[in-house]
Amino acid sequence: MEPEIEVLLRVALTITSNQADAEDLVQETLLRAYRAIDRFDGRYPRAWLLTILRNTNANMHRRQRPGTIGDWELIRTARPAFGKAELPSAEDNFLDGELHSDLDAAVRALDPRFRAALVLVDVHDLSYAEAAAVMGVPVGTVMSRLSRASDRVRKSLRFSPLTRGDLS
Amino acid sequence: MTRTLRQMLTCHWSARRIQRYLDADPSAPLTPGEISRLEEHLATCEKCTEIATEHRALHRALSLWSGGTAVDPRSVDRVRDFLSTINDEDSA
């Protein structure tokens with residue numbers, strides 16, 4: 001499970017928008033996973049853990065307040081929690097600094113369902129199956145939402161160097 | 001006219017597969033035939049090549065979209081310690 005800690009924390013922070021809550025969620029997830037390890041078939045461990053994380057988060061919210069919350073309220077922010085560990089290049093700095101606001105606005109303008117798919121797959125680098133586990137939807141739904149999200153953001157940034165390929 | 005219509009249909013067909021082609025996700029692989037057909041089309045269609053370039057640039061920008069910060073190593077350490085504790089308690 002250790003190699004997945006960073007991924008779980010990243011996704012948990014996206015869901016909770018709070019460092020302490022994210023840690024609590026990941027710890028509770030790992031505890032539940034540990035208790036259920038005998039029932040795990042050994043395939044797709046990350047997707048399995050992300051499913052537990054999603055269910056754990058839903059249960060924690062149910063405990064905190066009556067009723068259930070919508071799936072898409074769980075992904076409250078399009079902004080990634082934290083990014084890559086290596087130092088950014090000058091080009092990365094340009095992309096992140098100059099184009100950040102355009103990208104931020106384009107992603108935030110998306111329907112939350114589409115935004116969730118885009119953030120989980122393109123920002124957090126989850127596979128379609130892993131994103132489906134977090135979102136609680138079939139893989140085909142992730143693909144469809146990702147396609148729509150990507151098209152909308154791409155079109156809204158069409159005149160920026162970001163998508164003209166000048167920097168690729 | 002027939003040629004233009006065929007080109008339009010191929011562009012439409014390609015546009016629906018470019019994202020999957022670039023992501024190469026194991027959950028939704030294109031068939032070898034689809035890959036060949038798409039690559040052949042991209043080699044000749046400027047419009048679809050531009051769309052593929054935009055997809056690549058967007059994916060790259062999103063993967064960098066982080067403010068240059070890293071995962072907080074203290075969080076990772078705390079969770080790792082927690083995991084060790086569970087293991088130790090189970091072994092005891």
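Select A:Asp125, in the loop between helix H7 (112–123) and H8 of chain A; helices here are DSSP runs of H or I of at least four residues, strands are runs of E of at least two, and both are numbered from the N terminus. A:Asp125 has a positive phi of about 60° although it is not a glycine. Most residues other than glycine have a negative phi. With a relative accessible area of 53%, A:Asp125 is exposed; exposed means over 50% relative accessible area, buried under 20% and partly exposed in between, with a 1.4 Å probe and protein chains only.

Before moving on, note that this is a predicted model, in which local features need pLDDT of at least 70, side-chain atom pairs count only at pLDDT 80 or more, and totals for chains, interfaces and linings use all residues. Residues are numbered from 1 along each chain as its sequence is written, chains are lettered from A and ligands numbered from 1 in the order in which they are written, and side-chain values use heavy atoms, with hydrogens and water left out.

Next, select residues 128–135 of chain A, which form helix H8. How many of the 8 residues of H8 are buried? The count is 7, and the helix is mostly covered. The buried residues are A:Tyr128, A:Glu130, A:Ala131, A:Ala132, A:Ala133, A:Val134 and A:Met135. Step just past the end of H8(A) to A:Gly136, where phi is positive, at about 70°.

A:Ile15 lies in helix H1 (residues 5–16) of chain A and is buried, at a relative accessible area of 5%.

Now show the whole of chain A. Its secondary structure comes to 10 helices and 0 strands. Of its 168 residues, 49% are buried. Take contacts, meaning heavy atoms within 4.5 Å: among those in chain A between residues at least 6 apart in sequence, 67% join residues at least 24 apart. The accessible surface of chain A comes to about 8,000 Å², and 48% of that belongs to carbon and sulfur atoms; areas come from the Shrake-Rupley method with a 1.4 Å probe, and for residues only the protein chains shown count as cover.

Colour chain A by pLDDT, the predictor's confidence in each residue, from 0 to 100. The chain averages 77, and 70% of the residues score at least 70. Which elements of chain A have the lowest and the highest mean pLDDT? Helix H4 (residues 71–74) has the lowest, 43, and helix H9 (residues 139–156) the highest, 93. Over residues 66–88 of chain A the pLDDT is below 50, and this stretch has 64 contacts in the model beyond near neighbours in sequence.

Switch to chain B, which averages a pLDDT of 86, with 90% of the residues scoring at least 70. For the complex, the predictor gives an ipTM of 0.79 and a pTM of 0.74.

Chain B has 5 helices and 0 strands. Its radius of gyration, taken over C-alpha atoms, is 22 Å, well over the 12 Å that the globule rule gives for 92 residues, so chain B is more spread out than a compact globule. That rule is 2.2 Å times the number of residues to the power 0.38. Along its principal axes the C-alpha trace of chain B spans about 75 × 30 × 15 Å. Buried residues make up 37% of the 92 residues in chain B.

Select B:Ala24, in the loop between helix H2 (18–23) and H3 of chain B. B:Ala24 is not a glycine, yet has a positive phi of about 50°. Is this residue buried or exposed? At 58% relative accessibility, B:Ala24 counts as exposed.

For the last stop, select B:His41 in helix H3 (residues 32–44) of chain B. B:His41 is buried, with a relative accessible area of 5%. Not counting residues up to four places away in sequence, B:His41 touches B:Gln7, B:Thr10, B:Cys11, B:Ser14 and B:Cys48.
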